[in-house]
Structures are given as C-alpha cells and as structure tokens.
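Here are my comments on the model, as numbered points. Please keep the coordinates open while reading.

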Amino acid sequence: MPRPGFVLDVDRSTPPVLFHHGEGFRLEKLPADRSRIIYPAEPIEPIADPVGAIRHALANPLGDAAPLAAQLLAGMKLTICFDDISLPLPPMKRPDIRQMVIEAVLDLAAAAGVDDVHLIAALALHRRMTESELRHAVGDRVYEAFAPSGALYNHDAEDPDNLLEIGTTKHGEVVEINKRAAESDLLVYVNINLVSMDGGWKSTATGLSSYKSLKHHHNVKTMQASTSFMDRHKSELHHSNWRMGEVLKSSGVKIFQIETTMNNNVFGTDGPMSVLQKREWEWTARDRMTFLAMQKGLDRISPRMRRQAFQSWKAPHAMTSVQAGEVDAVHEVTTANVFRQHLVPVEGQTDILTMGLPYISPYNVNSILNPVLVMCLGLGYFFNLYRGKPPVREGGVLIMSHPTPWEFHPVHHPSYIDFFEQVLSETTDPLVLEEKFEKQFAEDEWYRHLYRTSYAYHGVHPFYMWYWGSHAMQHLGRVIIVGGEERSVRRLGFQPASTLQDAFEMASDVVGREPTITHLHNPPILMADVT
Amino acid sequence: MSPKATELTKRLPVNGVSAARSASMMAKVASAKARNATKAALPFPLTPPPVPAGVEPREKKSTTGADYDTDWARSYPARLARVMLVQGLVRPAVKAIASPRVRGLDRLNGLEGPVIFAANHHSHVDTPLLLATIPEPRRHRLVIGAGADYFFANRLTAPLSALVIGAIPIERTKVTRKSADQAAALIDEGWSFLIFPEGGRSPDGWGQPFRGGAAYLATRCGVPVVPIHLDGTGRILRKGKSLPQRSVAVVTFGAPLHPAEGEDSRRFAARLEREVASLSDELYSGWYEARKHAHAGTTPPLQGPDTGAWRKAWTVGDRTPRRKRKATWPEL
C-alpha cells in the first residue's frame with residue numbers, strides 16, 4: 001500500500017535533505033524547529049491491464065458522447081492529435097501511454113474501415129519532434145504505418161494554409177486551430193496528464209492553435225491572475241481556454257477526448273536512481289553507497305556527459321487512470337485522479353520556500369536547461385504546485401538550487417539566446433518586456449523559419465516562460481539561487497548564493513533572523529494543498 | 001583382391017562403373033565375409049548367442065529420436081554452458097549473418113510466467129535467430145520443440161541439439177502423446193516453449209498450415225501463445241541449401257493470445273496462423289493496413305496465393321517488406 005505524502009517538521013534528529021541541483025544533487029541541513037519538508041506520496045498502484053482499461057474507456061465514454069466505435073465510419077475524415085515531447089517528464093519507458101491509446105483507437109478505426117486518418121503532434125509553439133521522438137511517443141508500428149505517407153506530422157502554428165479561424169469568444173479571444181483537425185469529422189485527442197494543469201480544453205485550444213490565438217491567454221495579465229495555474233478553477237489561463245472550448249464546441253468541431261493519468265514513479269522503486277525517490281532516513285547502506293558513487297561519478301565526468309546520462313533516463317511511470325468522451329466530463333475525473341497522486345495537505349504559509357531544481361523541465365527534453373528555463377521551472381512550475389494559497393507568504397523568499405549555467409541549445413532555443421542577451425539585460429519586468437519586445441520576437445522571420453523547418457521553439461516562447469513566472473515574481477519579496485553561475489543569476493534579476501546557509505543569511509534582510517521554512521521535496525511531483 | 005575377382009571386374013564393367021571402383025566394392029564384400037568367419041569361430045560368451053528359432057527377439061530400446069532423454073540438458077551446468085554458447089557464439093553469429101531487426105517486443109510487456117512462442121519456419125537459421133532475439137529472462141529458460149526424426153536421429157546430433165539449443169524431441173511422423181506430455185510437464189515447471197507449428201521448414205518460401213501442437217499445449221497448460229513472424233531467413237539459408245548467405249531477417253512479435261472460452265485446439269491453431277499472417281501483412285503493408293485487413297478478414301494467407309506451384313514460387317520474389325526509412329532528420 002503506497003504511503004501518502006506528508007509534512008515533516010524538522011528537528012535536530014532530521015537527516016540532511018536531498019536537493020536536486022540540475023544534473024547533480026546536494027544534501028542540505030535545514031534549521032531545526034522552524035523548518036518543514038513536504039514529501040510526495042509514494043507512487044500509487046497502476047492499472048494492471050492498461051490496454052484493457054483503454055478499450056473499456058473507449059467503449060464507455062463519459063458525458064454526452066457515444067462509444068468511439070460507434071462514431072467511426074468508413075469514408076470519414078479522422079484526425080488523432082497527441083501531446084508532444086513536453087509530456088511526460090522525464091519521458092517514459094516504452095511503450096508510451098500515447099502509443100497504447102493510439103493503437104487502440106486505430107484498431108477501432110481499422111475495424112470500421114477508416115482510410116483518411118491523420119496523426120498530429122499538438123505542439124503549439126514548441127519545437128517540432130524528431131523522428132526518434134515521434135517513434136517513442138506513438139510507437140514504431142504507428143510511425144511506420146503513417147509517417148512515410150505524410151499522415152503523421154507536427155502541428156505547424158505558422159502555416160497560414162493549415163490554420164482555421166473558428167470564431168471569437170465573448171471576451172474577444174480569437175480561436176484559431178489546425179485546419180485539418182477542425183475540418184475532420186472526428187478529432188480524437190490523446191492526452192497525458194502529468195500535472196493538473198494539463199488536459200481539458202487546453203489540449204485543443206492551446207496545443208493545436210497559433211500565436212494569434214495563444215496570445216490571448218499566454219500573457220502577463222492572465223498569468224498573474226492565475227492562482228495557481230495548477231488549479232483550474234482559480235486559473236485565468238484555464239478560464240480562457242474553456243471559453244475557447246465553448247467556441248470550438250458551438251462551431252461543430254467534434255472532439256473525443258482521451259485523458260490518462262500516471263503515477264509519480266519517476267526514478268523507479270529499485271535500481272540505482274531509486275534512492276532519489278526514498279525518504280532520506282529510509283536509505284539503506286546500499287542506497288547510501290549508490291548515492292555517493294553517483295555523486296562522485298557525476299563530479300568526474302564532463303557536463304555534456306552528465307547531461308546525456310540524465311537525458312537518457314526513461315521513467316517507469318505507469319498509467320493510473322484512463323477516461324474518454326466529452327471534454328469537460330473527462331477532465332473532471334482526470335483532475336481528481338491527478339490530485340489522488342499529488343495532493344499533500346499543508347497547513348499555513350512560511351517565510352521561505354526552498355526547492356531543488358532537477359535537470360528537466362517541459363522545454364528541455366533532450367536539450368539544455370538554460371537560465372530562462374531555470375527561472376520558469378522554479379517560479380513557473382514548482383512555485384505554482386499549490387492549491388489554495390502558495391506555501392510561502394506574500395513578500396517571502398524563494399530559494400532554489402541549480403547551477404544555472406550560461407548555456408543555451410543553439411538549435412532548440414535560438415530566440416532564448418537573444419532574449420537573455422538583449423531583453424533581460426534591459427528589463428526583467430514581465431509587463432515591460434511584454435509591451436516592448438514581444439511582438440518583435442513573435443513576428444521575427446528568422447525565428448519563424450527556424451520554428452517551421454528546424455527544431456526551434458517559436459520566437460515568442462522565452463517571453464511565455466517569463467510570463468509563466470510572473471505570478472511568483474509578483475508574490476515574492478526575493479529570489480535566491482544557490483550554487484548558480486553568478487552572472488546568469490544576476491541577469492535573471494535574482495541573487496546568487498554559494499551555500500544554503502548564505503542564502504538564509506541573505507534572506508534575513510527580507511524575512512528576519514528566525515524565518516520559518518518550507519522545503520518542497522520535488523521530484524517526484526507533489527502539489528501542496530495549503531489551507 | 002583375388003585374381004579371380006580382378007578378372008571378373010575386367011570382364012564386366014557394369015553401367016560405366018570404373019574398374020578401380022568395382023575392385024574396391026568386391027574387396028569390401030570379401031573382408032566382411034572374413035569378419036563373419038572369425039565371429040563364428042569365437043565361442044559364446046565371447047560373442048552373443050543366436051536367438052533360438054521360434055522365439056520373438058526382444059525389441060531393442062531406442063535411445064535416439066523421440067526416446068532421447070534430454071533431462072541432463074536442463075541441469076545447471078548444461079544451462080550455464082548453453083548461456084555461454086548462446087551469448088558468446090550464437091548471438092554474434094546471428095548478428096553477423098542475419099542482422100536481425102526486431103519489432104513488437106513491447107507487446108510482451110507485463111507478460112508473466114511461461115509462454116509458448118509459435119513462429120513460422122523457413123530455415124535452420126530460425127532457431128538461432130529466435131534464441132538471439134527472444135528477450136531475457138525467457139531466452140535462458142526456453143525449450144525448443146525439434147523434429148525427433150531429424151535433430152535427434154543419431155547419437156551425435158541428439159546431445160548437440162539438446163545442449164546448444166535446448167531442444168526436446170517432437171515426434172512428427174507418428175501420433176504419440178509422449179512429446180506433448182514432456183512439453184506440458186516442462187511448461188508446468190516454468191519453462192517457456194518455442195515451437196514451429198508448421199512442422200518443418202517451408203519448401204517453397206511460403207508458409208504451411210499450422211498444426212495444432214502449440215494450441216493444444218496452450219489450452220492444456222493455460223499459458224498464452226506469442227505469435228512470431230520471421231521474414232528473410234529463407235534468403236539466408238532456405239531448405240535445400242547448406243551454406244548461409246548474409247541477408248537481413250525481421251522478427252515480429254505479436255500480442256500474446258489466450259485460448260477463448262470453448263475454443264478447441266484446431267480453431268485456436270487457425271487463429272494463431274491468422275495472427276502470424278497478420279504480422280506478415282504488418283511488415284509488407286504497414287500496421288494500419290494490416291489491422292484493416294485483419295478486421296475485414298482479408299489478410300493475405302501465409303500459404304501465399306491459391307495458384308499453381310510455379311506461380312507461387314514466382315510470386316515469392318515479388319514481395320518486399322516496407323523498410324525502415326533511413327532517418328533524414330538530424331539526431332540532436
């Protein structure tokens with residue numbers, strides 16, 4: 001029986017706690033009697049027969065939807081869209097959930113004799129997926145059946161010929177999505193819900209849309225009003241997507257949503273990485289030896305090899321639920337299943353929030369976690385992993401641990417380089433940089449070309465990363481990065497510290513000499529349910 | 001050779017047999033006669049006594065063929081030797097000759113306990129190829145059903161087959177329960193079983209109807225059958241050839257099949273054959289087309305088109321599998 005997540009009050013007997021630190025780790029001692037650690041739940045039991053569960057979900061849809069088999073007819077136009085490389089994190093061991101679901105859908109389509117089938121990676125403004133990434137996501141069988149004839153491809157948000165403006169919401173938000181998807185007799189969306197932010201109308205209204213449509217919710221105002229964007233009912237980002245969903249629904253786009261959830265088995269329950277998933281006082285002699293060997297080994301290899309070693313890790317995530325049918329009905333059940341794994345009850349806020357940032361974020365799979373992404377991972381994702389209120393008080397301090405090297409992937413993140421060099425050197429205020437620079441980057445022909453033909457994130461993407469952290473920036477009094485490269489950290493507008501003790505010392509200017517501290521022991525993923 | 005024999009040979013060179021060869025044949029006959037004379041001279045018990053007239057001689061107990069006892073080949077020392085042979089010799093040799101491409105291994109995820117692997121059969125390369133590609137741990141806890149009349153025919157090939165490939169004899173030429181009992185007992189002990197339900201290698205490059213052995217064992221032991229399609233091994237070493245030729249072989253694993261409620265062995269065997277045919281179709285037409293054919297009942301049969309023998313042989317060369325395209329996108 002997996003144990004739920006819990007909050008540990010730190011006393012003198014509490015061992016040093018694990019902080020992820022990019023492609024490495026730190027063990028840090030937290031001050032006794034005024035610190036607490038939020039530990040994630042252990043991985044919940046997966047579904048024993050995932051393929052059987054998928055078939056059952058397709059045959060027994062939720063909400064106002066007919067079974068998938070009944071909706072598939074010979075001669076129809078079917079489009080299957082699926083989440084891109086940003087999900088799940090880290091990428092999962094084969095077979096990927098998307099492969100299992102897509103094969104089940106296609107099997108029904110084959111039984112109905114559907115010939116016109118397209119598969120589209122719904123990547124919005126993310127980089128295109130490479131062949132090996134697509135193969136990993138959908139499986140070799142599906143890839144080889146559809147890619148050679150051009151029926152399996154990446155969504156292109158800058159292709160004017162393959163975008164269709166569906167309409168406008170009552171708030172004036174333009175809804176524009178992939179034309180093939182919009183004009184299909186049936187659009188099947190295959191989703192992986194790693195966190196509660198994913199899925200719902202965000203799948204189609206964001207994943208298949210264009211800059212023209214995205215800018216209505218990917219902006220500073222929306223993000224600052226989303227408290228947090230992991231809690232759909234308090235997220236302006238989701239409200240906007242749901243309004244767009246209404247437009248899609250009323251315009252007659254027929255969507256069959258398939259959502260899946262997974263457990264947080266990131267590092268496995270056995271094997272060398274499993275130590276990272278255990279509570280420190282439960283580390284056996286073998287775990288300790290493994291950890292030390294891993295740390296020493298990582299110290300001795302080049303950063304490039306370290307990155308390769310971590311990026312090659314495939315997580316043994318397993319599916320915990322699958323539901324299909326009408327978008328809203330499906331998403332309600334999905335969110336409950338995500339919360340079943342992630343929510344940890346936490347009482348009250350503290351002065352300081354600490355977190356160790358790992359090597360991966362949604363936007364650096366097989367790539368480099370550059371300083372802008374470090375900011376987004378800490379202030380965007382980890383900070384927002386709460387329901388109710390943030391675990392740190394307004395005006396408090398966020399201390400995160402990451403090496404933050406001044407390093408960028410030139411193919412994946414070309415616009416990030418210019419954003420970091422030109423924009424952040426002028427201002428780190430999200431409102432100012434949105435006003436002054438966003439349009440120029442979003443409409444830059446060179447970035448557009450790289451996004452469409454190479455493997456680059458869209459020109460505007462680094463701005464979105466910055467907006468992602470704008471709620472945290474507004475909430476916090478100071479941000480300190482421990483062990484980060486000083487010039488990168490300063491460019492981000494944060495303060496660098498060599499050690500955690502130094503960081504506490506620096507934080508004392510803001511929160512006093514005896515602050516209360518919360519440490520987010522993440523990953524594996526958890527979500528603080530703060531009351 | 002006696003002068004008389006030499007004279008006879010010279011006078012009667014029959015059917016073009018050379019004089020020298022005829023002489024040697026005559027010499028053999030003469031020496032056999034001499035041996036019999038010596039035997040007769042030695043008394044019992046130095047030589048066996050003759051069987052009295054009117055007494056039925058006791059049948060000699062055979063130690064080869066289906067009667068060969070393979071228990072020793074599953075002892076730990078023999079298994080260790082086999083692991084070393086498979087890993088150190090068979091796998092590198094298969095890799096060098098057949099460059100195997102393996103597909104569908106993900107379909108075996110979550111499969112527990114022993115299983116029966118059932119594959120189509122083109123060549124002697126099939127067994128080493130499967131030994132090299134069946135995933136661990138089953139690879140090293142696997143017995144293979146091999147024709148008793150071929151692999152266990154004599155005292156040299158029988159122990160070699162048992163040791164190197166972990167074979168057990170399967171009677172092909174007469175109806176007997178012995179082979180099935182032995183295979184079932186081993187499956188019950190946790191051994192996986194590899195069998196070629198066609199009963200022998202393809203004579204013409206196309207498949208043959210599946211016999212019911214695999215289906216019967218699955219029903220009897222309550223274990224799933226994993227259908228496997230092998231492609232390209234006929235090009236490497238087809239029946240009738242003795243030297244292998246380098247080529248690419250493709251091994252496609254299918255999803256495990258369980259006997260349905262009330263399904264008899266014959267129908268299950270037919271379903272198994274259809275599944276292997278569908279895996280073949282997957283290779284030639286692509287996965288989605290193959291699924292459509294399977295659902296519509298139009299999967300091309302393993303036995304090839306229903307035409308005369310020469311046209312079937314002619315058509316074999318027309319089939320080319322869909323090759324994995326060389327990656328044109330850069331690996332980043």
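1. Start with Ser132(A). This serine is found in helix H4 of chain A, residues 131-138. The model is a predicted one, and the points here should be read that way.

2. Is Ser132(A) buried, exposed or partly exposed? Ser132(A) has 14 C-beta neighbours inside 10 Å. Burial needs 20 or more, and exposed means 12 or fewer. Ser132(A) therefore counts as partly exposed.

3. Ser132(A) can also be placed relative to Arg98(A). The two are 34 residues apart in sequence. In space, their C-alpha atoms are 15 Å apart.

4. Now the helix pair in chain A. Two packed helices are described by the angle between their axes and the distance between the axes. For H1 (residues 50-59) and H3 (residues 97-112) of chain A, the axes come within 10 Å and cross at roughly 50°. That angle makes H1(A) oblique to H3(A). The crossing of H1(A) and H3(A) is right-handed.

5. Which residues make the contact? H1(A) supplies Pro50(A), Val51(A), Ile54(A), Arg55(A) and Leu58(A). H3(A) supplies Met100(A), Val101(A), Ala104(A), Val105(A) and Leu108(A). By class, the contact of H1(A) with H3(A) has nine nonpolar residues, no polar ones and one charged.

6. Turn to chain B. Helix H4 of that chain, residues 126-133, is mostly covered. How many of its residues are buried? The count is eight of eight. Leucines among them are Leu129(B), Leu130(B) and Leu131(B). The buried residues of H4(B) also include Asp126(B), Thr127(B) and Thr133(B), along with Pro128(B) and Ala132(B).

Technical notes:
Residues numbered from 1 in each chain as written. Chains lettered and ligands numbered in written order. Predicted model: local features only at pLDDT ≥ 70, side-chain atom pairs only at ≥ 80, totals over all residues. Axes fitted to C-alpha atoms, helices over the stretch in contact; angles between N-to-C directions. Helix = DSSP H or I, 4+ residues; strand = E, 2+ residues; numbered from the N terminus. Parallel < 35°, antiparallel > 145°, perpendicular 65-115°, else oblique. Left-handed = near helix turned anticlockwise from the far one by under 90°. Contact = placed C-beta atoms within 7 Å. Nonpolar A, V, L, I, M, F, W, Y, C, P; charged D, E, K, R; others polar.
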